[in-house]
Amino acid sequence: MQAAGEAVLSRPNVLFIAVDDLACTLGCYGDAVAQTPHMDRLAASGICFQRAYNQLPLCNPTRASVMTGLRPDQIKVYDLDRHFRDELPDVVTLSQSFQNAGYFAARVGKIYHYNVPASIGTDGFDDAPSWNRTVNPKGRDKSEEALVFNAEPHRKISGSLSWLAADGLDEEQTDGMIATEAIEILREKRAEPFFLGVGFFRPHTPYIAPKKYFEMYPLESLRLPYAPPDDRVDIPTAAFAHNCPVPDYGLDETTLLKATQAYYASVSFIDAQVGRLLDSLEELGLAENTIVLLWSDHGYHLGEHNGMWQKRSLFEQSARTPLIVRCPGQRPVGISRNVVELVDIYPTLTDLADIEGPSGLAGRSLRPLVEGNSTRWEGSAVTQVLRPADDRLPEQVMGCSIRTPRFRYTEWGEGKYGVELYDHQADPNEFDNLANEPDARSAAVIARLQPLLRSRASGRTPTVPVNPARL
């Protein structure tokens, strides 16, 4: 029989890697432009969820949802200012569950929300009970913000298309320092069970990476995404995010291609830091006893639908997010096309580590899929986003969307401000809104999906405090 201490040491560690604003712009997701060998090798050695969806495509709500395992309507977080403990002061977060099971829990960088880049080097909008230790590096990207090119100088670099091809080494950037500090914790804690959250800030704007990563993506090799000229005609006004009211921000094609180059450069820079973490697991003898889970808080637009950029939409590019899992002793599964949600992360990790989590979590364990047993999996994913009242909308409008293996159905204000239906079998880029003039088959799909959507997300305007400027 194992002694108590030996039993604890035999538990799998967790390396929990969050990447800010990362779309599925990875080789393992079929992106022909991206150069991401390290995240690709992680995917090849575990399982890459091709259809994983976030619950609200904005940093604070989605991160709070992941860490509590609850949906936005349960934690009442819809903007960048409200903390989940305002609604649920005693909720047990994911890392707290691991602490309760005897794990050391640490955070390096961004796991909960930060104002980027303003809060880099601080605790941001953190949750102190979630961690035994926090580390907040601050690199030369902070001291060199004056060098950042801003394509929209009337807006802050935090929300505009802005970038810098930086001088110096990876390790001098905040995200390089995050990898370095995380590796030190791996080394220090390799003899005890740990839950280590490693949160990278890029590719969030401003897109900053050393120059060598920009050189990987020559401008002449890049293209803006295609959409039919009339693509927006059948799309409700509310579907377009308020922070991108003018297609492509009114910028010229060369500037947009430079922004695309900078985004991909930032992705490859982060990929290199993930590679450092994976190499360190091997070097320290931890790879065979560590669950690695990599995720992003939401997807990201790079000009789709004739000029949509960044997040805050319920289209596929914003609702879909990378999710990769590798477990000790796992037979590599490769890819899974089952529909899953980020609220599934919490019950998945507690299940894989065989520790007790709280009851009432919104998601379900992905362990059967991680272990290659997907024959009976039936999944759908719900994503929502709140729009402020502005010159386009007379009141706050909640948008709610459900994704099934074939369809995406979306309602704005329970249908008052528009409805969308896309058939991904025939229309994977969501160009043809079948709900605009639905035929009998489309009407039948809507009738089937509407109650399923409304059972998991409310289209009503929230009654809790919401800061319209921070939606």
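**Note on the sheet and the aromatic pairs**

1. Tyr300, at 2% relative accessibility, counts as buried. Buried here means under 20% relative accessible area, partly exposed lies in between, and exposed means over 50%, with a 1.4 Å probe and protein chains only. This is a predicted model, in which local features need pLDDT of at least 70 and side-chain atom pairs count only at pLDDT 80 or more, while totals for chains, interfaces and linings use all residues. Residues are numbered from 1 along each chain as its sequence is written, and side-chain values use heavy atoms, with hydrogens and water left out.

2. The sheet is open and mixed, with eight strands in the order S4-S3-S7-S1-S9-S12-S2-S13. Strand S4 (133–135) and strand S13 (334–341) are its edges, and each pairs on one side only. On average, neighbouring strands of this sheet are turned by 15° against each other, direction ignored. Strands (E, at least two residues) and helices (H or I, at least four) are DSSP runs numbered from the N terminus; two strands pair if DSSP finds at least two bridges between them.

3. Which residues of S1 and S9 are bridge partners? Seven bridges join strand S1 (residues 13–19) to strand S9 (residues 290–296) in the parallel sense. Val19 has Ser296 as its bridge partner in S9, and Asn13 has Thr290.

4. Helix H3 (residues 59–68) touches S1 and S9, and its direction makes about 165° with that of S1. Helix H13 (residues 345–353) touches S1, strand S7 (194–200), S9, strand S12 (323–326) and S13, at about 175° to the direction of S9. Contact means heavy atoms within 4.5 Å; angles run from 0 to 180 degrees between N-to-C directions, along lines fitted to C-alpha atoms, for helices over the stretch in contact.

5. S1 also runs parallel to S7, joined by six bridges; there, Val14 is partnered by Phe195. Is S1 enclosed or open? Seven of its seven residues are buried, so S1 is largely enclosed by the rest of the structure. Both faces are covered: Asn13, Leu15, Ile17 and Val19 are buried on one side, and Val14, Phe16 and Ala18 on the other.

6. A search of the whole structure finds 18 aromatic pairs. One of them is Phe240 with Phe315, a tilted pair at 6.4 Å centre to centre and 50° between the planes. Phe240 lies in the loop between helix H9 (211–214) and helix H10 (253–283), and Phe315 in the loop between strand S11 (308–310) and helix H12 (316–319), so the pair ties together parts 75 residues apart in sequence. Phe240 counts as buried at 10% relative accessibility, and Phe315 at 2%.

7. Why is the pair of Tyr263 and Tyr300 stacked? Their ring centres are 4.9 Å apart and the planes are at 15°, so the pair counts as stacked. Rings of Phe, Tyr and Trp (its six-membered ring) pair if their centres lie within 6.5 Å; planes under 30 degrees apart are stacked, over 60 edge-to-face, and the rest tilted. Tyr263 counts as buried at 0% relative accessibility.

8. One aromatic cluster is formed by Phe16, Phe84, Phe98, Tyr103, Tyr112, Trp131, Phe195 and Trp295.

9. Charges also sit over rings, which requires NZ of Lys or CZ of Arg within 6 Å of the ring centre and within 35 degrees of the ring normal. Lys189 lies over the face of Phe104, 4.3 Å from the ring centre. Arg364 lies over the face of Trp377, at 3.7 Å from the ring centre.
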